[in-house]
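Trainee: I would like to learn how to read a structure like this one. Could we go through it feature by feature?

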Amino acid sequence: MADDPKTLVSTAWLAQHLKDPDLRILDASWYLPEAGRDARAEYDAGHIPGTRFFDIDEISDHRSDLPHMAPPVEKFMSRLRAMGVGDGHQVVVYDGAGLLSAARVWWLFRLMGQENVAVLDGGFPKWQAEGHPVEDMPPIIRDRHMTVRMQNQLVRDVTQVSSASKLGDHVIVDARAASRFRGEAPEPRDGLRAGHIPGSRNVPYADLLNTDKTMKDPEACRAIFNAAGVDLRMPIITTCGSGVTAAILALALERLGHAHWSLYDGSWAEWGMFPTVPVATGDA
């Protein structure tokens with residue numbers, strides 16, 4: 001894998017750069033309730049040296065009824081400043097699942113106009129398995145200002161996605177498991193219809209990962225998108241259950257050099273409960 005500080009870096013790269021003064025590491029672990037895991041408690045018990053904990057549910061838009069929607073700019077800036085993360089830093093984000101929620105925080109940084117951010121390939125499990133250092137100390141924080149330039153082209157709302165679904169001028173790609181996409185498996189959130197956005201394609205995020213939860217190389221990812229009927233010449237909107245694993249697709253697209261992608265922040269948590277938008281079932 002080629003290390004790219006703007007998308008994905010290896011555990012070897014991070015080990016080599018661990019003492020860099022302008023490196024900032026974030027643990028962005030997040031789990032669905034059925035996983036039975038407490039992300040904050042796991043961080044407190046052990047993390048990569050110097051890591052700050054990024055709470056996806058807390059650093060979100062609490063004015064919305066939808067889960068962990070992108071936070072207002074001012075909230076993002078103030079929370080990151082309090083973590084000592086700001087301009088001039090190289091950020092590396094990881095999670096405790098290998099590669100699950102870290103990509104969501106990579107996307108949030110990109111949305112806020114921050115380019116120097118990468119996901120740790122294989123995450124904390126790979127770091128630990130290789131015997132790299134772990135500590136349980138909180139980091140020493142020094143305030144750092146962050147300049148935010150919102151990149152609105154990287155996010156889509158229900159109206160925009162509904163229009164894209166009708167017009168077919170974007171490819172909508174769903175990261176959920178095939179059984180949920182087809183409407184055969186129940187949704188983990190109550191009150192949601194089963195199925196998918198009409199016209200969307202299904203690329204389950206797990207298909208893009210190796211057994212050690214590292215991301216497959218760009219050519220393998222390209223082949224997976226192609227096999228799912230995704231026209232990579234078109235603009236793409238990624239979606240999933242609540243805007244977390246959709247970011248894994250976005251990260252893969254960015255590594256392919258695909259410049260015109262965006263993420264549907266509300267994802268199925270919004271679409272599945274909206275009575276006025278249509279739902280399709282079965283295969284794409």
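Trainee: Which residue just after H4 takes a positive phi?

Mentor: Keep in mind that this is a predicted model. The residue is Gly113, with a phi of about 85°.

Trainee: How many residues of helix H4 are buried?

Mentor: Buried means under 20% relative accessible area. In H4 (residues 102–111), 10 of the 10 residues are buried, so the helix is largely enclosed by the rest of the structure. Among them are Trp106, Trp107 and Phe109, and also Arg104 and Arg110.

Trainee: How do I describe two packed helices?

Mentor: Two packed helices are described by the angle between their axes and the distance between those axes. Here, take H8 (residues 218–227) and H9 (residues 246–255): their axes come within 9 Å and cross at roughly 120°. The crossing is left-handed.

Trainee: Which residues make the contact?

Mentor: H8 contributes Pro218, Cys221 and Phe225, while H9 contributes Leu249, Ala252, Leu253 and Arg255. By type, six are nonpolar, none is polar and one is charged.

Trainee: In what order do the strands of the sheet come?

Mentor: The order is S6-S10-S9-S7-S8, an open sheet of five strands with parallel pairing. At the edges are S6 (155–156) and S8 (201–202), each of which pairs on one side only.

Trainee: How many bridges join S7 and S9?

Mentor: Four bridges join S7 (residues 171–174) to S9 (residues 236–239), in the parallel sense. Asp174 stands opposite Thr239 of S9.

Trainee: Where does H9 lie relative to the strands?

Mentor: H9 lies across S7, S9 and S10 (261–264), and runs at about 145° to S9.

Methods
Residues are numbered from 1 along each chain as its sequence is written. This is a predicted model: local features need pLDDT of at least 70, side-chain atom pairs count only at pLDDT 80 or more; totals for chains, interfaces and linings use all residues. Side-chain values use heavy atoms; hydrogens and water are left out. Axes are lines fitted to C-alpha atoms, for helices over the stretch in contact, and angles run from 0 to 180 degrees between N-to-C directions. Helices (H or I, at least four residues) and strands (E, at least two) are DSSP runs, numbered from the N terminus. A crossing is left-handed if the near helix is turned anticlockwise from the far one by less than a right angle, and right-handed if clockwise. Contact means heavy atoms within 4.5 Å. Ala, Val, Leu, Ile, Met, Phe, Trp, Tyr, Cys and Pro count as nonpolar, Asp, Glu, Lys and Arg as charged, and the others, Gly among them, as polar. Two strands pair if DSSP finds at least two bridges between them. Buried means under 20% relative accessible area, exposed over 50%, partly exposed in between (1.4 Å probe, protein chains only).
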